[in-house]
Amino acid sequence: MKQQRASFWTREQVNATLSIRGKDSHKGTFGTGLLLAGSEDMPGAALLAGLGAMRSGIGKLVIGTPDGVIPLIVPALPEATYWRNGLEKARKGRLEERYQAIAIGPGIASTPDLEQVITRVFEMDCPVVLDAGALSERTYPKRKQPIILTPHPGEFSRITGIPLEELQKNREELTKEWAQRLGVTIVLKGKETVVAFPDGDCRVNPTGNESLAKGGTGDTLTGMILGMICCHDYFKPAVLNAVYLHGACADKWTETNSPHTLLAHELTHLLPAIWKQLER
């Protein structure tokens with residue numbers, strides 16, 4: 001018997017659940033987020049994720065990145081604060097500030113040191129977003145706050161052992177199965193991105209197109225999820241709205257431009273107008 005498809009996350013649902021910015025709010029209202037991202041070889045990943053977070057409602061963003069990366073990205077993102085060599089400091093246990101959410105992985109290689117950091121971060125009382133180098137085959141602790149994984153199909157195949165061809169034929173079913181098995185939220189990127197939650201809820205995203213098939217767009221999405229978690233009251237619509245808006249920006253791009261030509265940082269240039277169109 002063929003399984004029923006998961007329902008789409010609709011424009012109307014985005015409109016009904018987007019965060020409202022109160023007139024008496026301040027940066028503390030929307031929390032401080034920590035982004036551990038970037039490396040000497042991939043400094044741009046920290047910038048792209050940082051731009052995504054700052055454009056997505058976060059109150060304050062701390063970017064933990066190597067010392068040599070900071071002067072490269074500050075000119076493009078002076079609004080963030082910077083934690084020099086944050087990954088190494090986090091590995092040594094220096095996670096003293098209270099964060100609304102933490103994202104780890106863009107531009108960082110998978111290493112035993114990174115695994116130590118992830119283990120420490122799981123001890124924090126906040127949502128955690130894992131991307132890129134932070135996506136490894138592992139078990140996850142039971143915790144009150146959610147863990148969100150953002151794999152593309154190749155990463156999903158690597159961390160589950162499921163052949164890529166099988167995955168692509170059964171994207172919804174397998175994403176839902178593994179979200180429940182691991183006790184995490186999984187955002188399986190690709191055409192009609194699938195978002196599955198550990199409670200069995202599963203949604204399909206209707207926005208986005210082939211212009212997103214380019215390096216850096218996933219880093220931007222990770223930042224957007226981080227930012228929206230910080231300004232939304234509930235993490236489910238935060239994740240779903242980030243995915244929807246990310247794709248909607250790509251759809252806007254192709255109205256007047258070739259899908260070949262999108263650069264990841266242009267998504268965050270398009271986001272303000274797209275978000276405005278969807279607000280209540």
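View 1. Setting aside neighbours within four places in sequence, Leu164 is in contact with Pro153, Gly154 and Ser157, where contact means heavy atoms within 4.5 Å. Leu164 lies in helix H7 (residues 164-169); helices (H or I, at least four residues) and strands (E, at least two) are DSSP runs, numbered from the N terminus. With a relative accessible area of 41%, Leu164 is partly exposed; buried means under 20% relative accessible area, exposed over 50%, and partly exposed in between (1.4 Å probe, protein chains only). The C-alpha atoms of Leu164 and Thr17 are separated by 34 Å, with the two residues 147 apart along the chain.

A quick note for all views: this is a predicted model, in which local features need pLDDT of at least 70 and side-chain atom pairs count only at pLDDT 80 or more, while totals for chains, interfaces and linings use all residues. Residues are numbered from 1 along each chain as its sequence is written, and side-chain values use heavy atoms, with hydrogens and water left out.

**View 2. Helix H6 and its surroundings.** Six of the eight residues of H6 (residues 153-160) are buried, so this helix is largely enclosed by the rest of the structure. The buried residues are Pro153, Glu155, Phe156, Ser157, Ile159 and Thr160. They pack against strand S7 (147-149), H7, helix H8 (171-182) and strand S8 (185-188). After H6 comes Gly161, with a positive phi near 85 degrees.

View 3. Gly107 sits in the loop between strand S5 (101-104) and helix H5 (112-121) and is buried at 7% relative accessible area. Not counting residues up to four places away in sequence, Gly107 touches Gly38, Ser39, Met42 and Ala45.

View 4. Lys189 is found in the loop between S8 and strand S9 (194-196), and is buried, with a relative accessible area of 14%. Among the contacts of Lys189, leaving aside neighbours within four places in sequence, are Asp131, His152, Arg171 and Gly218.

**View 5. Helices H2 and H9 side by side.** Two packed helices are described by the angle between their axes and the distance between the axes. Here the axes of H2 (residues 43-54) and H9 come within 6 Å and cross at roughly 40 degrees; axes are lines fitted to C-alpha atoms, for helices over the stretch in contact, and angles run from 0 to 180 degrees between N-to-C directions. Residues of H2 including Ala45 and Leu48 meet residues of H9 including Asp219 and Gly223. Asp219 lies in H9 (residues 217-231) and counts as buried at 14% relative accessibility.
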